[in-house]
Amino acid sequence: MSGVRLRFAPSPTGYLHVGGARTALFNWLLARKEKGKFILRIEDTDLARSTQESVDAILEGMCWLGLEWDEGPIYQSDRFPIYREFVEKLLLEKKAYKCFCTPEELDAKREKAIQEKKKPQYDRTCLERQTDDSDRPFVVRFNSPESGTTAFDDLIKGRISFNNEELDDLIIQRSDGTPTYNFVVVVDDATMGISTVIRGDDHINNTPRQILLYEALGYPVPLFAHVPMILGADKSRLSKRHGATSVIAYKEMGFLPEAMVNYLVRLGWSYGDQEIFTKEELIERFSIGSVGRSAGIFNPDKLSWLNAHYIKEYEPVRLAELLVPFMKKKGIDVANGPDIVKVVKTLQDRARTLVEMADGAEFYYKAGFSYDEKSLQKFLNGTLASIFEEIAEKFSLVAKADHESIDTLFKNICSGRGLKMKDVALPARIALTGGTAAPGLFDVIEVLGKEETVSRLQRAIEFVKILEQKKIDDNE
RNA sequence: GGUCCCAUCGUCUAGUGGUUAGGACACCGGCCUUUCACGUCGGUAACAGGGGUUCAAGUCCCCUUGGGAUCACCA
């Protein structure tokens with residue numbers, strides 16, 4: 001039993017973003033690989049921006065991806081007394097101090113510093129203050145060292161070091177008594193015994209301050225691993241204008257969680273030339289050290305390719321279950337029509353998403369479709385109706401409507417009429433599916449069954465007769 | 001602007017001083033074929049630039065350039 005403890009700590013101000021999902025995935029993977037614990041913590045110290053809907057959305061995303069957590073969700077809003085205690089402790093030890101400067105004063109100082117091209121840092125006015133006007137509102141600031149350096153060995157980026165003079169005295173408790181992010185994250189990670197912090201590299205600049213806080217609090221500093229950002233096609237931070245950024249949106253677009261996980265993990269991490277990984281393989285082969293250092297661009301094409309792969313490989317029964325909601329969304333009740341599992345089997349090789357598969361499955365359940373007339377025109381030579389009639393006739397006599405007997409039936413018709421397979425199969429496909437893009441004709445017939453096939457053929461015969469008559473009229 | 005991070009095909013990446021710089025997505029072409037796909041075979045395509053170190057540099061060092069992050073009583 002290894003003692004590693006990892007955590008994912010989203011703030012509930014929106015849905016689960018693909019970037020966050022990847023960070024969560026890396027944490028989860030490492031926890032599973034090392035047989036440690038994976039903790040989910042909700043960072044909701046900003047009461048105004050946090051919502052329960054966001055918490056639910058994040059949990060839904062995590063569950064969909066299969067990232068089950070061992071402890072939590074722990075809400076920071078439940079832990080305010082703990083943070084308060086640690087603030088008092090620092091205050092007592094003079095490692096923190098009360099600051100009575102107003103936001104207006106601070107803004108003015110910042111403005112001035114920027115004007116004078118100086119660093120906009122807090123000037124420590126209140127550090128040496130003797131009077132304690134506690135009836136006036138105050139914030140608590142961390143007394144940060146003014147010299148020296150703070151460094152750490154990032155598991156992904158290598159050694160990173162900062163001059164302490166770059167760090168000013170950050171606020172750890174607001175004037176309303178609530179603690180701020182950099183403080184609570186340290187208190188939580190410390191008291192929860194987090195051994196390795198894996199998070200986005202937008203937190204690198206926070207890390208030295210946090211290390212200083214660990215030290216002030218007397219806790220060991222954890223290991224850090226800062227994973228690079230995910231960017232959009234134009235190399236800017238991935239946002240809605242690049243497409244969907246919510247994990248759940250991908251679920252709704254018909255992606256499989258296996259594909260999403262596989263895509264996300266391979267974006268920034270690699271294992272030789274391998275592209276496809278089962279969850280077990282990932283757990284076995286993942287290592288945080290082989291995560292790349294540079295930002296990656298989110299590539300929907302590759303995600304689609306992976307999704308297509310997983311659709312092909314999926315167990316048809318399970319895939320059918322996943323497809324049903326997508327059919328329902330199109331107003332189709334799969335109970336009224338052919339066996340959905342058989343339908344799925346004919347579509348697995350030609351759908352990249354469940355949405356595409358639902359589109360491709362539509363004709364099986366909707367008999368009243370319109371025909372692709374333009375394509376049908378090519379086969380109008382006066383005998384098409386009779387070909388359909390012959391198929392219907394012979395097919396209704398066939399003992400077993402399986403692939404093989406359908407094959408021989410069509411071959412017989414072809415040889416009997418001196419026609420090529422495409423002369424018969426192509427128009428027949430239009431008759432049965434309405435269009436030209438569909439699964440193999442014999443598979444379609446087999447799935448549709450004898451009765452439905454014959455009925456569709458009869459409907460097509462009527463339609464073709466009208467077309468042929470029209471053609472004669474036009475020529476006159 | 002300060003600080004910090006990053007830099008191999010369009011994209012994701014392999015590469016840990018000696019390689020015809022490999023794979024995958026996408027793209028293009030051949031094959032397969034009852035359509036559309038799938039599949040399969042092949043092709044185009046990269047070490048940002050400049051200095052060092054070294055017998056030898058995509059690999060190590062420095063600079064430049066370019067991209068990104070961060071500088072809140074947000075997280």
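Predicted model: local features only at pLDDT ≥ 70, side-chain atom pairs only at ≥ 80, totals over all residues.
Visitor: At what angle do the axes of α3 and α5 cross?

Guide: Angles of 65 to 115 degrees count as roughly perpendicular. Here the axes cross at roughly 100 degrees, so the pair falls in that class. The two axes come within 10 Å. Helix α3 covers residues 80-92, and helix α5 covers residues 181-191.

Visitor: Which residues make the contact?

Guide: Contact means heavy atoms within 4.5 Å. From α3 come Ile-82, Tyr-83, Phe-86, Val-87 and Leu-90. From α5 come Phe-183, Val-184, Val-187, Asp-188 and Thr-191. Sorted by class, eight are nonpolar, one is polar and one is charged.

Visitor: Is α5 largely enclosed or largely open?

Guide: Count its buried residues. Buried means under 20% relative accessible area. Nine of the 11 residues of α5 pass, so the helix is largely enclosed by the rest of the structure. The buried ones run from Asn-182 to Ala-190, including Val-185, Val-186 and Asp-189.

Visitor: What covers the buried residues of α5?

Guide: The cover includes the strands β1 (5-8), β2 (37-42), β8 (171-173) and β9 (196-200). It also includes the helices α3 and α6 (207-217). Just after α5, Gly-193 takes a positive phi of about 65 degrees.

Visitor: How do I read a single residue? Where is Gln-210, for example?

Guide: Gln-210 sits in helix α6. Its relative accessible area is 1%, so it counts as buried. Setting aside neighbours within four places in sequence, Gln-210 is in contact with Tyr-181, Asn-182, Val-185, Val-186, Arg-199 and Phe-224.

Visitor: What about Asn-206: buried or exposed?

Guide: Its relative accessibility is 18%, so Asn-206 counts as buried. Asn-206 lies in the loop between β9 and α6. It touches Tyr-181 and Asn-182, again not counting residues up to four places away in sequence.

Visitor: At what angle do α11 and α13 pack?

Guide: Use the angle again. Helix α11 (residues 316-329) and helix α13 (residues 354-365) pack at about 80 degrees, with axes 9 Å apart. They are therefore roughly perpendicular to each other. Leu-319, Leu-322, Leu-323, Phe-326 and Met-327 of α11 meet Leu-354, Val-355, Met-357, Ala-358, Ala-361 and Tyr-365 of α13. That contact has 11 nonpolar residues, with no polar and no charged ones.

Visitor: How is chain A divided into domains?

Guide: A domain can be built from separate stretches of chain, as domain 1 is here: 5-77 + 229-305. Domain 2 is 79-227, and domain 3 is 316-475. The C-alpha centres of domain 2 and domain 3 lie 69 Å apart.

Visitor: How many helices and strands does chain A have?

Guide: There are 18 helices and 12 strands. The radius of gyration is 32 Å, well over the 23 Å that the globule rule gives for 476 residues, so chain A is more spread out than a compact globule. Its C-alpha atoms fill a box of roughly 105 × 55 × 35 Å along the principal axes. Of the 476 residues, 49% count as buried.

Notes: Residues numbered from 1 in each chain as written. Chains lettered and ligands numbered in written order. Heavy atoms only, no water. Domains from an automatic or database assignment. Axes fitted to C-alpha atoms, helices over the stretch in contact; angles between N-to-C directions. Helix = DSSP H or I, 4+ residues; strand = E, 2+ residues; numbered from the N terminus. Nonpolar A, V, L, I, M, F, W, Y, C, P; charged D, E, K, R; others polar. Buried < 20%, exposed > 50% of the residue type's maximum accessible area, 1.4 Å probe, protein only. Rg over C-alpha atoms; globule rule 2.2 N^0.38 Å. Parallel < 35°, antiparallel > 145°, perpendicular 65-115°, else oblique.
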